[in-house]
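Student: I'd like to know how the labels on this model get decided. Can you walk me through a few?

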Amino acid sequence: MAVTFRRDLYGPDHEAFRDTVRAFLAKEVAPHHQRWERNGVVDREVWYSAGRQGLLGPAVDQEYGGGGSDDFRYSAVLIEEFARAGASGLALSLHNDIVGPYLTRLATEEQKRRWLPGFVSGDIVTAIAMTEPGAGSDLQGIRTTATDRGDHYLLNGSKTFISNGILADLVVVVARTTPEGGSAGQSLLVVERGADGFERGRNLAKIGQQAQDTAELFFNDVRVPKENLLGEENRAFTYLMGNLAQERLAIAVGAAAATEEILDITTRYVKEREAFGRPLAKLQHVRFEIAEMATEAAVTRTFLDRCVTEHVAGRLDPVHASMAKWWATELQKRVVDRCLQLHGGYGYMSEYRVARAFLDGRIQTIYGGTTEIMKEIIGRSLLG
């Protein structure tokens, strides 16, 4: 967008990586995405392709096959390009930016050797199972239990809305290991594909992001060996709180990029589309709408780039991550709705990008913590 300041966030290596991501999207994703949407899941092969292109595990140490860089800007490039392409099916950011840090920071050396090479190659697709049918965003309300049985835990419970739930080979499960411990009594257990008692329910039908497999997961007396405990017992809540800032920043980065892309598409549309014998862009109301959205997007971009800079430097706090998440996702929702309106009846047609963006983006203000939860975090920081 011409109204956005020149970005100093990325260097030549990041832009070279952007070229790689764009080539991957054009060749491996765009030709197949409609079919994936019909099937409700992406092809397993595309994960292997992503691994071959170096798009998996940029922060994983090179000795395990990863990129060896904890520079979040590489993840931000990936997120931006996927958002601009409307490629909602292949959840690489979930794999890299949400699950990845738990494995790279908490796993033992033996666990890293066991899981990280496959994480990087695409042989292991990951998911994280936090949300439960009765808990929603309330992590303290988790009821899934893991009972200590000596050399293993006996895992029982259910999870829902789990992204990558159908394809996942490795699921990081949040479970209660000390019933009376409240949030202090939760642990992270890694459940692998094929474990007895681990069952996948429905691939849930959603109004958007239909190519992204989102499932119910059930754990019925699943024997999880003690070797699959991730980090220390009863410290899951601390780990979750520590990683949520990056998860929320990742969602915000995608929201800002999606907003800019749809605004660009709509700007071109109103220049070409005529009504009453002249282009829509000649109508003052339309110009004002575009002006307002472009200003909001430019201001948001400036704040988001600063948040990424702070995160790379290790200074991004949960409050600013929450500000970024709620503001950018609510802006995305608002801008896409207004852009759809400017498309008129065509905006309601699923063949138009703005219609798909309207449905795909609606979840943004919900997952990763709802807008209301973000405001609560911010409010508490200011008011106690």
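This is a predicted model: local features need pLDDT of at least 70, side-chain atom pairs count only at pLDDT 80 or more; totals for chains, interfaces and linings use all residues.

Student: What makes Arg18 and Glu15 a salt bridge?

Tutor: A salt bridge needs a side-chain nitrogen of Lys or Arg within 4 Å of a carboxyl oxygen of Asp or Glu. The closest N and O atoms of Arg18 and Glu15 are 2.8 Å apart, so the pair qualifies.

Student: Why is Arg18 called buried?

Tutor: Buried means under 20% relative accessible area, exposed means over 50%, and partly exposed is in between (1.4 Å probe, protein chains only). Arg18 has 4%, so it counts as buried. Glu15 has 32%, so Glu15 is partly exposed.

Student: And why is Arg84 buried?

Tutor: Its relative accessibility is 19%, so Arg84 falls under the cut-off. Its salt-bridge partner Glu81, with N and O atoms 3.4 Å apart at the closest, is buried at 5%.

Student: How do you know that Arg114 and Glu110 are about one helical turn apart?

Tutor: They sit four residues apart in helix 6 (residues 109-121), so about one turn separates them. Helices are DSSP runs (H or I, at least four residues), numbered from the N terminus. Arg114 is partly exposed at 30%, and Glu110 is too, at 35%.

Definitions and conventions
Residues are numbered from 1 along each chain as its sequence is written. Side-chain values use heavy atoms; hydrogens and water are left out. Helices (H or I, at least four residues) and strands (E, at least two) are DSSP runs, numbered from the N terminus.
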